[in-house]
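Here's a quick briefing to read alongside the sequence and the 3D view. Have a look at the fold, then work through the notes below.

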Amino acid sequence: KEMDLTMNINIMGVMHITKVFLDDMIEKGGHIIFTSSVAGQIGAPFMTDYCTSKHAVTGFSRTLIYDLEYMGIKHVKITTVFPHFTDTGLVKGVTVKVPALFPLLDPVWVADQIITATREERNELILPRATNSICIYLYLMPCQVFRCFCKWLGNDLMKTFQQTRAHKIDQH
């Protein structure tokens with residue numbers, strides 16, 4: 001049930017809302033902003049459903065860009081945002097291991113970065129910038145080495161997470 005809820009909100013909702021507005025945007029122009037996640041790019045322990053759903057958002061947004069380009073539609077822009085953990089209250093108790101490189105992001109700062117990326121018509125925005133190097137290593141390192149590297153950097157921060165809903169995630 002938790003998996004269905006996560007997938008329905010994070011990817012199916014994105015696809016359905018895009019479908020509702022895309023024809024009008026193709027006719028009149030516009031800019032779509034998708035929210036993915038760094039976790040959707042690299043994965044993280046105890047976040048399988050979430051990471052999968054955000055990885056799907058990435059695939060959807062990248063493929064939609066291809067579709068629009070193939071159809072010659074230049075007036076519909078897409079920006080996909082890949083934030084690290086953002087201090088929204090949903091990540092209560094999360095402690096970052098290397099805050100100088102990967103801080104818990106301020107939501108106002110994230111919003112400002114999204115506005116700038118939209119104005120610059122960037123297809124993707126990875127926050128913080130230090131995360132770009134990790135995404136590159138994903139493709140350069142063997143999988144097991146990359147997972148050890150991510151653990152060393154602290155991608156297992158869900159171990160300090162405090163569930164904000166009444167039900168708890170079974171981590172067994």
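What percentage of the 172 residues of the chain count as buried? The answer is 37%, where buried means under 20% relative accessible area, exposed over 50% and partly exposed in between (1.4 Å probe, protein chains only). Keep in mind that this is a predicted model, where local features need pLDDT of at least 70 and side-chain atom pairs count only at pLDDT 80 or more, while totals for chains, interfaces and linings use all residues. Residues are numbered from 1 along each chain as its sequence is written, and side-chain values use heavy atoms, with hydrogens and water left out.

**Overall layout**

- The chain has six helices and three strands; these are DSSP runs numbered from the N terminus, with helices being H or I of at least four residues and strands E of at least two.
- Take the contacts (heavy atoms within 4.5 Å) in the chain with a separation of 6 or more: 67% of them come from residues 24 or more positions apart.

**Helices α1 and α3**

- Helix α1 (residues 2-28) packs on helix α3 (residues 48-70) at an angle of about 15°, and their axes are 8 Å apart. Axes here are lines fitted to C-alpha atoms, for helices over the stretch in contact, and angles run from 0 to 180 degrees between N-to-C directions.
- On the α1 side, the contact includes M3, M7, I11, V14 and L22, and on the α3 side it includes Y50, V57, F60, L64 and L68.
- By class, the residues of this contact are 13 nonpolar, five polar and three charged. Ala, Val, Leu, Ile, Met, Phe, Trp, Tyr, Cys and Pro count as nonpolar, Asp, Glu, Lys and Arg as charged, and the others, Gly among them, as polar.

**More on α3**

- Among the buried residues of α3 are C51, K54, V57, F60 and L64.
- The cover over the buried residues of α3 includes α1, β1 (30-35), α2 (38-42) and β2 (76-83).
- After α3 comes G72, with a positive phi near 75°.

**Helices α5 and α6**

- The axes of α5 (residues 131-140) and α6 (residues 143-153) cross at roughly 155° and come within 9 Å, which makes α5 roughly antiparallel to α6.
- I134, Y137 and L138 of α5 meet F146, F149, C150 and L153 of α6.
- That contact has seven nonpolar residues, no polar ones and no charged ones.
- T131 sits in α5 and counts as buried because its relative accessibility is 1%.
- Setting aside neighbours within four places in sequence, T131 touches V38, F102 and I126.

- Most residues other than glycine have a negative phi, and most peptide bonds are trans.
- L127 and P128 are joined by a cis peptide bond, with omega about -10°; P128 is in the loop between β3 (124-127) and α5.
- F46 isn't a glycine, yet its phi is positive at about 65°. You'll find F46 in the loop between α2 and α3, partly exposed at a relative accessible area of 43%.
- E121 isn't a glycine either, and has a positive phi of about 55°. E121 lies in the loop between α4 (107-119) and β3, and is partly exposed with a relative accessible area of 47%.

Methods: Parallel < 35°, antiparallel > 145°, perpendicular 65-115°, else oblique.
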